[in-house]
Amino acid sequence: MGVRFGAGWLAILAAGVILITSCGSAAGPSPSSTTAAIATTAAPSATTAAPSATPAPTAGGSAAGSGAPTPQPTLLPPIAGDTTVVTLTKIPIPPLSGKTVSMDLIVIDQEAHRLYAADRTTNGVDVFDISTKDAKYLKTVDAGSGANGVVVAKNVNKLFAGLNDSNVAVIDLTSLTVTAKVSTGGKGRADELDYDPKEKKIYVANSGDGFVTVIDASTNTILHKFDGLGAALEQPQYDSADGLMYMTSSDQNAVFVFDPVKDVLVRKDTLAVLCNPQGLAINPKTNQALLGCNVGRAGSTGTPLTVAWDLTKGIFVGVFGQVGSGDSVTYSAKTDRFYFGAHNFPHGSSIGIFSGSPIAFLTNVPTGSFSGAKNLAYDETNNLIYTQDALPGEGALFSFTPPK
């Protein structure tokens, strides 16, 4: 199924006008010398599975304890050719029983078969044993403040979590206890973050304060701050192919590029298509990324879409209209797939699935509620995707086997 844009959109995209703002020590590519390709190839046909014995929940319902229905935006019907229905398995989170979960990033330690979920409702990090297909809740590590981003730093045996009180919690992977906190000094939250295992550095986006904090993962000390980066800093992501750290900004419609060796800002690339990027995941073999755009959600202007991004050139190489209006993106080298949590998609909260090389849309898996599955992780051992159940009063995780 082709990209769904009107003639005006296609004319703008085909022009390939790339706006690049260069900062720091290295300049971006010349706007006049680069023409961006537009993805117009048909997506493979999606096979709709039989209805689940445990069907996906429906939108609506009552907020926990309120006694009144939660208003839901009017959803558009799913597009059958873009959709594959699968069975969703619910994994209870005991501390959230009867509550509505506010969850941010979910990460998996593939070697240890552990899943970690940043939980603002419990003020900590929920830990699960995922050594089998039946995930088991182990405990919640109390961080004293709502957790946002989480990342596993295996070579220092730590997990780092950005907190609402502007601290970064340091959690020992063996004892599953908080061993230290690093204050980033912001007025708002320490948000999403990622880890450079070579330099042993954590890059933390202080989203509302407009700066990035660099932490030495070995000593838990602050090495550097990038001030004045502007509004709505989102997902840092380390690229093992080129050793650089990339970070999205939704309000600025841009991707920042950092060099963790020197702790310098290399450049800032502004997208030539309206995306408002939040999530970012990288295929290091191609040095291309999928950007989780949040433009076009119900009640806002813009067209829902997803963008394929060339990290080296700083340009988009594909635009896909089959899914959009979401947040987190993850990439699995094992399956060569990108998985996109399109929680605000007007056709219903979905996980968008893309091939990794070349990047192409494959199908959407509906997750049953509007504004639901915004964050996710892929378990390579058991071939499962985990995401949150955000329905009112149903604090839990969902898992499902992704369609091939």
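1. The torsion about the S-S bond of Cys275 and Cys293 is about -95°, so the disulfide (a pair of cysteine sulfur atoms within 2.5 Å) is left-handed. Cys275 sits in the loop between β18 (264-270) and β19 (277-283), while Cys293 belongs to strand β20 (residues 288-293), so the bond ties together parts that are 18 residues apart in sequence. Strands here are DSSP runs (E, at least two residues), numbered from the N terminus.

2. The model is a predicted one, in which local features need pLDDT of at least 70 and side-chain atom pairs count only at pLDDT 80 or more, whereas totals for chains, interfaces and linings use all residues. Residues are numbered from 1 along each chain as its sequence is written, and side-chain values use heavy atoms, with hydrogens and water left out.

3. How many disulfides does a search of the whole structure find? The search finds one, and in that disulfide the sulfur atoms of Cys275 and Cys293 are 2.1 Å apart. Cys275 counts as buried, with 0% relative accessibility, and Cys293 is buried as well, with a relative accessible area of 0%; buried means under 20% relative accessible area, computed with a 1.4 Å probe on protein chains only.

4. Cys275 is also part of the largest nonpolar core, which has 20 residues and in which Tyr246, Leu271, Cys275, Leu291, Leu305, Val307 and Trp309 touch the most other members. A nonpolar core is a set of buried Ala, Val, Leu, Ile, Met, Phe, Trp, Tyr and Cys residues joined through side-chain atoms within 4.5 Å. The elements giving two or more residues to this core are β17 (254-259), β19, β20, β21 (306-310) and β22 (315-320), and β20 gives the most, with three residues. A second, separate core has 18 residues, among them Val107, Val152, Ala161 and Leu176.

5. Strand β24 (residues 337-342) is mostly covered, since five of its six residues are buried.

6. On β24 there is also a pairing with strand β25 (residues 350-356), antiparallel and made of six bridges, in which Gly341 has Ile351 of β25 as its bridge partner. In turn, β25 pairs with β26 in the antiparallel sense over seven bridges, where Ile353 is partnered by Thr363 in β26, and these two strands form a hairpin with two residues between them. Seven of the eight residues of strand β26 (residues 359-366) are buried, leaving this strand mostly covered.

7. The structure holds one cavity of 30 Å³ or more. On a 1 Å grid over the protein atoms alone, a cavity is a set of points where a 1.4 Å probe fits but cannot get out, and its lining residues have an atom within 4 Å of a point. Grid points are joined across faces, edges and corners, and the volume is the space filled by probe spheres set on the points; for the largest cavity this volume is about 70 Å³.

8. Which residues line the largest cavity? They are Pro78, Ile79, Asp82, Thr83, Gln322, Phe345, His347, Ser350, Asn364 and Pro366. By class, the lining has four nonpolar, five polar and one charged residues.

Key
1 Å grid on protein atoms, 1.4 Å probe; cavity = no way out; pocket = protein on both sides within 12 Å on 5 of 7 lines; lining within 4 Å. Nonpolar A, V, L, I, M, F, W, Y, C, P; charged D, E, K, R; others polar. Helix = DSSP H or I, 4+ residues; strand = E, 2+ residues; numbered from the N terminus. Buried < 20%, exposed > 50% of the residue type's maximum accessible area, 1.4 Å probe, protein only. Pairing = 2+ DSSP bridges.
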